[in-house]
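Subject: Structure handover and notes

Hello,

Here is the structure you asked for, with my notes on it below. Please read them with the model open.

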Amino acid sequence: MKDLRTGFVIAEGGKLVKLVCSGGSPPCPGHRGVIRGFSSASRRRLLHEVHSIDESQADPYRLFITLTYPAEYPDDNRQWQRHLELFRKRLTRRQRVQYALAKLEPQRRGAPHWHIILFTDEPLPHGWVAEAWYDIVDSGDINHLAAGTQVKVIRDFQGVRMYVSKYIAKTIDADGLPACWQGIRFWRRWGTTPATLVEGDLPLSTWWRARRMVNRAQHSLGYLGKRRYNKGLSAFLSSDSGFRILEQAHRITRLVEECGREVLTDPGYNVTTSAHGSPRRFIPDHRRADC
């Protein structure tokens, strides 16, 4: 394919490895249509955002905040967004916020509520969050003041990634919800994402070998995603695993080129990962044919 570009993106210190493939035809400019729910594409972008975060770059106070509405809530989704924006402004006036990611979800009763991942450099009292949200939504319900918000300290960010993947990032079909859920964006962020993305180009042969190895690694961890052989691939593996896979794929490609023929039917190294995606070791396969 003409002008085909193959490469990689690895979130250093995070849990995201992407093998990208683009080119061959100019992209369609297009435009976004009407939002009809929390789509699979939006879910994918949210998961990539969360898994790219490097904990070592995050501020020391990492919080998980939940903001809910009282029994009576506005049926205009523009008000929901406005309330979140007012909360953001109050919070940033009070203290420095390095990064925040907010996700909107419906409750069983159809009411909206916000989940927020927050990184900041000083504590945030639950009392302040409760009073600020109570005042912003003009609740008037004393029970909502006591139980309308939650503030939890994030002690294990891997647990947050798993929670986001399993619960918060579930796709939502707005057709099954009240009309006020139509045409709304379900997540947003502000601040600077604490992540370092390492990007580069790969020769096509190395890219294909790395893709097979990444696919096997994520399948060994139970990620049984849909295979698309002519597309790129994203996996929630540690950056160490990603860099080592690229190194092994490059070694195999160089060996094949030096031999002048394809001597391997499988990658020469089997990648094994721990339950949390971190590399254990890379075991050489000595069953290669002699060159």
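Which residue does the side chain of arginine 188 meet in a salt bridge? The partner is glutamate 85, with an N to O distance of 3.2 Å. Before going further, please keep in mind that this is a predicted model. The pair links distant parts of the chain, as arginine 188 lies in strand β9 and glutamate 85 in helix α2, 103 residues apart. Arginine 188 is partly exposed, at 25% relative accessible area.

Overall make-up

The protein has seven helices and 13 strands. Of its 291 residues, 45% are buried. Taking contacts between residues at least 6 apart in sequence, 74% join residues at least 24 apart.

Five strands form an open sheet in the order β7-β4-β6-β5-β9, and their pairing is antiparallel. At the edges are β7 (149-153) and β9 (187-191), each of which pairs on one side only. From one strand to the next, the twist averages 15 degrees. Helix α2, residues 77-94, packs on this sheet and touches β4 (61-68), β5, β6 and β9. The direction of α2 makes about 25 degrees with that of β6.

Strand β5 and its neighbours

Strand β5 covers residues 97-106 and pairs with β6, residues 112-120, in the antiparallel sense over nine bridges. Within this pairing, alanine 102 stands opposite isoleucine 116 of β6. The two strands form a hairpin with five residues between them. Glycine 110, in the turn, has a positive phi of about 95 degrees.

β5 also runs antiparallel to β9, and five bridges join these two strands. Here alanine 100 is opposite tryptophan 190 of β9. Nine of the ten residues of β5 are buried, so the strand is largely enclosed by the rest of the structure.

Salt bridges

Side chains of opposite charge can pair when their charged atoms come close. A search of the whole structure gives ten salt bridges.

One is between the side chains of aspartate 59 and arginine 96, at 2.3 Å from N to O. This pair also links distant parts of the chain: aspartate 59 sits in the loop between α1 (40-51) and β4, while arginine 96 sits in the loop between α2 and β5, 37 residues away. Are the two residues buried or exposed? Aspartate 59 counts as buried because its relative accessibility is 11%, under the 20% cut-off. Arginine 96, in contrast, is partly exposed, at 43%. Salt bridges with shared partners join Asp59, Arg96 and Asp121 into one network.

The other is between aspartate 76 and arginine 78, whose closest N and O atoms are 3.2 Å apart. Aspartate 76 is partly exposed, with a relative accessibility of 24%. Arginine 78 counts as exposed because its relative accessible area is 62%, and the cut-off for that class is over 50%.

Cysteines

How many disulfides does a search of the whole structure find? The number is zero. As for individual cysteines, cysteine 21 is partly exposed, with 29% relative accessible area. Cysteine 180 is buried, at 13% relative accessibility.

Serine 239

Serine 239 belongs to helix α7, which spans residues 239-259. What does the side chain of serine 239 reach at 3.1 Å? That atom is the backbone nitrogen of glycine 13. Leaving aside residues up to four places away in sequence, serine 239 touches Ile10, Ala11, Glu12, Gly13 and Gly14. Serine 239 counts as buried, since its relative accessibility is 8%.

Regards

Key. Residues are numbered from 1 along each chain as its sequence is written. This is a predicted model: local features need pLDDT of at least 70, side-chain atom pairs count only at pLDDT 80 or more; totals for chains, interfaces and linings use all residues. Side-chain values use heavy atoms; hydrogens and water are left out. Two strands pair if DSSP finds at least two bridges between them. Helices (H or I, at least four residues) and strands (E, at least two) are DSSP runs, numbered from the N terminus. Axes are lines fitted to C-alpha atoms, for helices over the stretch in contact, and angles run from 0 to 180 degrees between N-to-C directions. Contact means heavy atoms within 4.5 Å. A disulfide is a pair of cysteine sulfur atoms within 2.5 Å. Buried means under 20% relative accessible area, exposed over 50%, partly exposed in between (1.4 Å probe, protein chains only). A salt bridge is a side-chain nitrogen of Lys or Arg within 4 Å of a carboxyl oxygen of Asp or Glu. A polar contact is a pair of N or O atoms within 3.5 Å; within protein, one must be able to donate a hydrogen and the other to accept it, and residues adjacent in sequence count only if both atoms are side-chain atoms.
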